[in-house]
Amino acid sequence: MYAIAHDLNEPLRTVIGFADVIDAESPLDAQDLREYLRYMRGGVTQLQRRISGLLELSRVDSHAIEVEDVDLNLAVARAMQLLGAQGERIEVDKAELPSVRADLQWIQQLLRHLLSNAAACRLDDGATMVKLTVTVGES
């Protein structure tokens, strides 16, 4: 719970911090104001994504687990498609991935979150490059 509360508060601190700067330094020139507003929008967008993730998790958590053969290649492609529709630019470097016995909905959510987190951690405005590998071990 602590981690969830911390993660939800971080974007709010960003918004409040830049709102305080705008309030304290008024009048700002238009360029500075646009930059601060961009940071504020970014903080609100992060919060919206985190809340959406929690809502999605609550929906997944409430469904019965259905174990089936899941083609990871298709699951990765679907996750990338969904993130692309949200404006994320992600490139995946991967070899042929195996099929696994898992719950498709959980795998889809896991991949979306992993790829989304990778995109959020990029240092520039370019596409995020993610390398996926699979190590097969004894079960």
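Is Y39 buried, partly exposed or exposed, and what is its relative accessible area? Y39 is partly exposed, with a relative accessible area of 32%; here buried means under 20% relative accessible area, exposed means over 50%, and partly exposed lies in between (1.4 Å probe, protein chains only). The legends below place this residue and others in a predicted model, in which local features need pLDDT of at least 70, side-chain atom pairs count only at pLDDT 80 or more, and totals for chains, interfaces and linings use all residues. Residues are numbered from 1 along each chain as its sequence is written, and side-chain values use heavy atoms, with hydrogens and water left out.

**Figure 1. Overview of the chain.** The chain comprises four helices and four strands, arranged along the sequence in the pattern α-α-β-α-β-β-α-β. Helices (H or I, at least four residues) and strands (E, at least two) are DSSP runs, numbered from the N terminus. Of the 139 residues in the chain, 24% are buried. The accessible surface amounts to about 9,900 Å², and carbon and sulfur atoms account for 55% of this area; accessible areas come from the Shrake-Rupley method with a 1.4 Å probe, and for residues only the protein chains shown count as cover. Among contacts with a separation of 6 or more, 79% are between residues 24 or more positions apart, where contact means heavy atoms within 4.5 Å.

Figure 2. The structure holds two aromatic pairs. Rings of Phe, Tyr and Trp (its six-membered ring) pair if their centres lie within 6.5 Å; planes under 30 degrees apart count as stacked, over 60 as edge-to-face and the rest as tilted. F18 and Y36 form a tilted pair, with 5.4 Å from centre to centre and 40 degrees between the planes. Because F18 belongs to helix α1 (residues 2-24) and Y36 to helix α2 (residues 30-61), this pair ties together parts that are 18 residues apart in sequence. F18 counts as partly exposed because its relative accessibility is 21%, whereas Y36, at 16%, counts as buried. The pair of F18 and Y39 is stacked, because the ring centres are 4.7 Å apart and the planes lie at 25 degrees. This pair links distant parts of the chain, with F18 in helix α1 and Y39 in helix α2, 21 residues apart. Together, F18, Y36 and Y39 form one aromatic cluster.

**Figure 3. The surroundings of Y39.** Y39 lies in helix α2. Apart from residues up to four places away in sequence, Y39 touches T14 and F18. Y39 and T14 are 25 residues apart in sequence, with their C-alpha atoms 7.4 Å apart in space. R38 lies over the face of Y39, at 5.0 Å from the ring centre; a charge sits over a ring if NZ of Lys or CZ of Arg is within 6 Å of the ring centre and within 35 degrees of the ring normal.

**Figure 4. The largest nonpolar core.** In soluble globular proteins, nonpolar side chains tend to be buried together. A nonpolar core is a set of buried Ala, Val, Leu, Ile, Met, Phe, Trp, Tyr and Cys residues joined through side-chain atoms within 4.5 Å. The largest such core has 15 residues, of which I90, V92, I107, L111 and L115 touch the most other members. Two or more residues come from each of α3 (72-85), β2 (90-94) and α4 (104-120), and α3 provides the largest share, five residues. Leaving aside neighbours within four places in sequence, I90 is in contact with M80, L83, L115, A119, T128 and V130.

**Figure 5. Q108 in helix α4.** Q108 is found in helix α4 and counts as buried because its relative accessibility is 13%. Not counting residues up to four places away in sequence, Q108 touches A75, R78 and A79.

Figure 6. One salt bridge is found in the whole structure, the term denoting a side-chain nitrogen of Lys or Arg within 4 Å of a carboxyl oxygen of Asp or Glu. The side chains of D69 and R101 meet in a salt bridge, at 3.5 Å from N to O. Because D69 lies in strand β1 (residues 67-71) and R101 in strand β3 (residues 99-103), the pair ties together parts that are 32 residues apart in sequence. Both D69 and R101 are exposed.

**Figure 7. V100 in strand β3.** V100 is found in strand β3 and, at 27% relative accessibility, counts as partly exposed. Leaving aside neighbours within four places in sequence, V100 is in contact with E68, D69, V70 and L72. V100 and L72 are 28 residues apart in sequence and 7.2 Å apart in space, C-alpha to C-alpha.
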